[in-house]
Amino acid sequence: VVAVALALGAPVWVVALAWVVEGAVNASFQTGQLRRAMPYQRLRRFVRASRCKAYFGFGARFVASLWLQVLFSRLDRLLLSERMEPEAFGIYATAMQLTEVWTQVAYLIGVSLATAYLYQRIRQGRFGRAFLATFAAMVAIGLLGLVGAWWMGPWLLRAIFGAQFSASYPFLLAGMAFAVLLFGNQIVQLTLTTLDRPQLLLMMWAVASVVAVLVIQFGYDRFGAYAGPLGLSVGTLASWLAVLPWLPLRVAAANGRTRDPD
């Protein structure tokens, strides 16, 4: 959709339809996979109004924090676009766009780790070791991405965007260094969700956003565009400090409470 719309010079709203098409294709694939894994009659026994209502009620309370998370991930570009020349901003934004693609991997791996390991350990009251193990694993994967960007970054930028974007390389490294924190943060977020703490998760992203805005706004004159990844990194660390005092108390209260609605 994006390629055709750009080739035809279509309005921006047509390009945005790619999100809708992507969602429809994704839903179609998952529906097909579900039908093969669970025949319709069997599926009907699991998909009941009471269960759907319980899951929806649980998930809806986390929507505000998810919105704030999306805003946080783009704060650097929203703020720096007002302060940088268009060409210089394009060089910066290109690197951060690649970083954002890589951070999507954090979500996929984090959900897999949580489903296979973290959730069960939390329900069993074995929180500390499970949290540290999955957190360390995610940080290690993030570090591999940073090494990959250092090694292949120049080639990647030239291959995808062209030689004129080679100047994005330093920003790519800075962004990938910030991504290491986001990989670890995925486990923090999944843990707070598992413990059913939407208010704490909202506070975490609020602190991260406020701190990031302050660092970017006041740090730009000194650090230039590097204030973007710096602000996001400091914001992430500040959010951990904000929720850390709550975790030991909250974990003790929540152990054993995460279960199927039925």
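Helix H7 (residues 86-123) bends by about 55° at Ala114, the bend at a residue being the angle between axes fitted to the seven residues ending there and the seven starting there. Just after H7, Gly125 adopts a positive phi of about 80°. Helices here are DSSP runs (H or I, at least four residues), numbered from the N terminus. The structure is a predicted model, in which local features need pLDDT of at least 70 and side-chain atom pairs count only at pLDDT 80 or more, whereas totals for chains, interfaces and linings use all residues. Residues are numbered from 1 along each chain as its sequence is written, and side-chain values use heavy atoms, with hydrogens and water left out.

The pLDDT, which is the predictor's confidence in each residue on a scale from 0 to 100, averages 89 over the chain, and 94% of the residues score at least 70. Over residues 256-262 the pLDDT is below 50, although this stretch has 13 contacts in the model beyond near neighbours in sequence, a contact meaning heavy atoms within 4.5 Å. Where pLDDT is low, the predicted coordinates should not be read in detail.

The largest nonpolar core comprises 52 residues, and those with the most contacts inside it are Phe72, Tyr92 and Val188. Such a core is a set of buried Ala, Val, Leu, Ile, Met, Phe, Trp, Tyr and Cys residues joined through side-chain atoms within 4.5 Å; buried means under 20% relative accessible area, exposed over 50%, and partly exposed in between (1.4 Å probe, protein chains only). At least two residues of this core are supplied by each of H5, H6, H7, H8, H9, H10 and helix H11 (227-243), and the largest share, twelve residues, comes from H9. When its neighbours within four places in sequence are left aside, Val188 is in contact with Phe131, Phe135, Met204, Trp240 and Val243. In soluble globular proteins, nonpolar side chains tend to be buried together.

Aromatic side chains form nine pairs in the structure, where rings of Phe, Tyr and Trp (its six-membered ring) pair if their centres lie within 6.5 Å, and planes under 30 degrees apart count as stacked, over 60 as edge-to-face and the rest as tilted. One of these is the tilted pair of Phe58 and Phe62, with 5.3 Å centre to centre and 45° between the planes; Phe58 is partly exposed at 33% relative accessibility, whereas Phe62 is buried, with a relative accessible area of 5%. Phe72 and Trp205 form another tilted pair, with 5.4 Å centre to centre and 50° between the planes. Because Phe72 lies in helix H5 and Trp205 in helix H10, this pair ties together parts that are 133 residues apart in sequence. Both Phe72 and Trp205 are buried, and together with Phe178 they form one aromatic cluster.

Five salt bridges are present in the structure, each defined as a side-chain nitrogen of Lys or Arg within 4 Å of a carboxyl oxygen of Asp or Glu. Asp196 and Arg61 form one of them, with an N to O distance of 2.4 Å. Asp196 belongs to the loop between helix H9 (169-194) and helix H10 (198-223), and Arg61 to the loop between helix H4 (49-60) and helix H5 (63-73), so this pair ties together parts that are 135 residues apart in sequence. Asp196 is partly exposed, with a relative accessible area of 23%, and Arg61 is likewise partly exposed, at 38% relative accessibility.

Arg74, Asp76, Arg77 and Glu100 are linked in a network of salt bridges. As Arg77 lies in helix H6 (residues 75-80) and Glu100 in helix H7, the latter pair ties together parts that are 23 residues apart in sequence. Arg77 is buried, with a relative accessible area of 13%, and burial extends to Asp76, at 0% relative accessibility, and to Glu100, at 10%.

Ile160 is found in helix H8 (residues 127-160) and is partly exposed, at 48% relative accessibility. Between Ile160 and Gln186 the separation is 26 residues in sequence and 27 Å in space, C-alpha to C-alpha.
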